[in-house]
Every structure is written in C-alpha cells, then in structure tokens.
Amino acid sequence: MTSPFLHPAPFPANRPRRLRRDNFTRNLVREHRLSAHDLIYPVFVHEGQNRREAVASMPGVERLSLDLLLRQAEECARLGIPVMALFPVIDNALKTPDGKEALNPDGLIPRVVQALKKEVPELGIMTDVALDPFTSHGQDGLLDDSGYILNDETTEVLVGQALVQAQAGVDIVAPSDMMDGRIGAIREQLEAQGLIHTRIMAYSAKYASAFYGPFRDAVGSSANLGKSNKKVYQMDAGNSDEALREVALDLAEGADMVMVKPGMPYLDIVRRVKDQFHVPTFAYQVSGEYAMLKAAAQNGWLDHDAVMLESLLAFKRAGADGVLTYFAIDAAKALQQNG
C-alpha cells in the first residue's frame, strides 16, 4: 500500500512553511537534535610537565602533557562530553620499525589512561589501536622486505597493544589499522583475559583519504610516512558496497560499535551502514575537515559556531549516533549557551 504522504495534498491545502513560521514550531517538529552526549573529543598527549604545543595545521588544537590534559578531561566531564579519545605523540627515539613501544605497559598511553580513570572516573576513555604513532616508517603495520604491510603479523602486535590498553583500564579500544581479522583476534584475547567489559569501536570503514594530513602532523607520523600512502589497507574512496562488507565482518567478529572515517565527505556511507545494520554507528570529523572550517572562519568567510553546529547536526541526520570531533568542547559550550 502506498503511503498517502508520498503524494501530499497540493498547495494551498498543504503549506509546508506553516511549520517553519516561528522558533517554537521549528523546535517542536525538528527531526534530529545535537547534544554534548553525541560528542567524542580526540586529544593529543605527549610526555612532560606543563607542556603544550600548538598544532599549526589545526588552529585551537594542542599537544598536551598529562597534567594539562587532566584539566581538559575535567572540562569534558563538566560539559557532558561522554568520551575522550587519546592519540599519543611519541618521542622519535622510541619509534622502531616494529612499533614495539606500543606494547610497553609503562608507556605513555597506559600511564595516561590510569591517571585519567583515577582523576576523572566519570569520563569514558577511548584509545587508538594502531602502530603508526610508534613506527619509524609511519605505517600502521609491520613491513616485509618489499615494504608491503603484513596483515597477520601486524594483527599479533595489535592484539598485544589492545591488551595493554585494556589492562590499564581503558573503556573503549578503537582499532583504526584496517587489518583483516583484527577485531576477532582482539575480542578473543580480551575474553580470554577476563576483560569482558572492554568495548571495541571498530574503524570499520576507514578510507585512504587525503583529509588526514593535519592529524599526521599532530602525531608526528607525517615526516616518517613521507611520500608513502596507506592504500593497500585503507579503503578506496570510490567504494561504497565494500564498506558494508567491512562493517559486517567487524560485527561478526565482536565489535560493539562501528565507525566511518572521514566524516562529512562520506555521509552516504554513514547512512548506508545505519540503515543496513541498525547498530551504534559513529563518524569521525577528521583533521582536514576541522582545518578547513577553522581556516574559513578565521578568514571571515564562514560563521564559526554556525557551521560547526550545522556540520555536526549533519552527522546526526545521516544516521550517526555520535561524532568524534576536535570541535567537541567548543560545540558543547555553544549548545549550552543556546539552551
């Protein structure tokens, strides 16, 4: 039976502008809403005390030492932002071809996780499971003699990395590497170690995108990566059905939540994933998206808060349950002010 709403009464019996006449009516009939609870705040942490470094390509974003990061964590909790996502900036002296520092239980990320859970226990903490911040070549995995990224050997290291993070007390591990089979391997070992409450947010549809440049500057992997790319493991930008296969595999292997990355250029993928699987679905408003909006606002070409909030609402409208965004604190403050 065809819905009558597909063929509404013609004008003037139907005047859609009636529902746009005033603010209270627009609020009453709004289909999608954005709140601080929808936001995950990605942050960059490095060693030291009272140490902050601006990320030149990401205005307003800084690499912070733990003592300063704790203040940001407290602010997130006050604003109602539920999760902070940690990305490490590792000293070059600790970077090796095999990324072994990722397995150090006394390394930067485990220590930061422990401190955050002790000082701000109500804030959820998410950690990146990937080797690119730790490798001297900037790739997310181990290389063979020809420079090809090995899958199964890399997965073994990723499992160890995830266990170290989970044992430190992290709430959510987020494998962003795009190795085949890594979600199942991580879930199996988490269960075997009794870490049954550790959630997995899988970067299931992560594309080999040109929008990641500022992030790689922030974590210090850009120079190491050089002119190489990640196209042999991250997804091709022209593919859509493949994203559904990747999500299906990760869910079958034990992912609790899935992610699409980048965000706005891939809203069609967010919608397809949500419609197909009806599972918690997230999108990452990546560094390049953030940098573009910031640069345009700084030049007076766009209204900063208006485009920030509109872009985030677009993720919700497309089907995302939440968004990883460097705008999280600014957005939460703006939403608070707007009531």
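Which residue's side chain meets that of aspartate 241 in a salt bridge?

Arginine 272 is the partner, at 2.8 Å from N to O. The model is predicted. This pair links distant parts of the chain. Aspartate 241 sits in helix α8, and arginine 272 sits in helix α9 (residues 267-277), 31 residues apart.

Aspartate 241 has a relative accessible area of 48% and is partly exposed. Arginine 272 is also partly exposed, at 32%.

## Other salt bridges

The structure holds 17 salt bridges. One of them joins aspartate 250 and arginine 182, with the closest N and O atoms 3.5 Å apart. Aspartate 250 belongs to helix α8 (residues 241-253) and arginine 182 to helix α5 (residues 182-192), so the bridge ties together parts 68 residues apart in sequence. Both residues, aspartate 250 and arginine 182, are buried.

Arginine 52 and glutamate 62 also pair through their side chains, at 2.5 Å from N to O. Arginine 52 is in strand β2 (residues 52-54) and glutamate 62 in strand β3 (residues 62-64), so parts 10 residues apart in sequence are tied together. Arginine 52 is partly exposed at 44%. Glutamate 62 is partly exposed at 27%. Separately, Arg51, Glu53 and Arg63 form a network of salt bridges.

## Packing of α3 and α4

Helix α3 (residues 108-119) packs with helix α4 (residues 152-168) at about 25°, their axes 8 Å apart. Because the angle is under 35 degrees, α3 is roughly parallel to α4. Their crossing is right-handed.

On α3, the contact uses Ile109, Pro110, Val113 and Gln114. On α4, Val164, Gln165 and Ala168 take part. By class, this contact has 5 nonpolar, 2 polar and no charged residues.

Methods. Residues numbered from 1 in each chain as written. Predicted model: local features only at pLDDT ≥ 70, side-chain atom pairs only at ≥ 80, totals over all residues. Heavy atoms only, no water. Axes fitted to C-alpha atoms, helices over the stretch in contact; angles between N-to-C directions. Helix = DSSP H or I, 4+ residues; strand = E, 2+ residues; numbered from the N terminus. Parallel < 35°, antiparallel > 145°, perpendicular 65-115°, else oblique. Left-handed = near helix turned anticlockwise from the far one by under 90°. Contact = heavy atoms within 4.5 Å. Nonpolar A, V, L, I, M, F, W, Y, C, P; charged D, E, K, R; others polar. Salt bridge = Lys/Arg side-chain N within 4 Å of Asp/Glu carboxyl O. Buried < 20%, exposed > 50% of the residue type's maximum accessible area, 1.4 Å probe, protein only.
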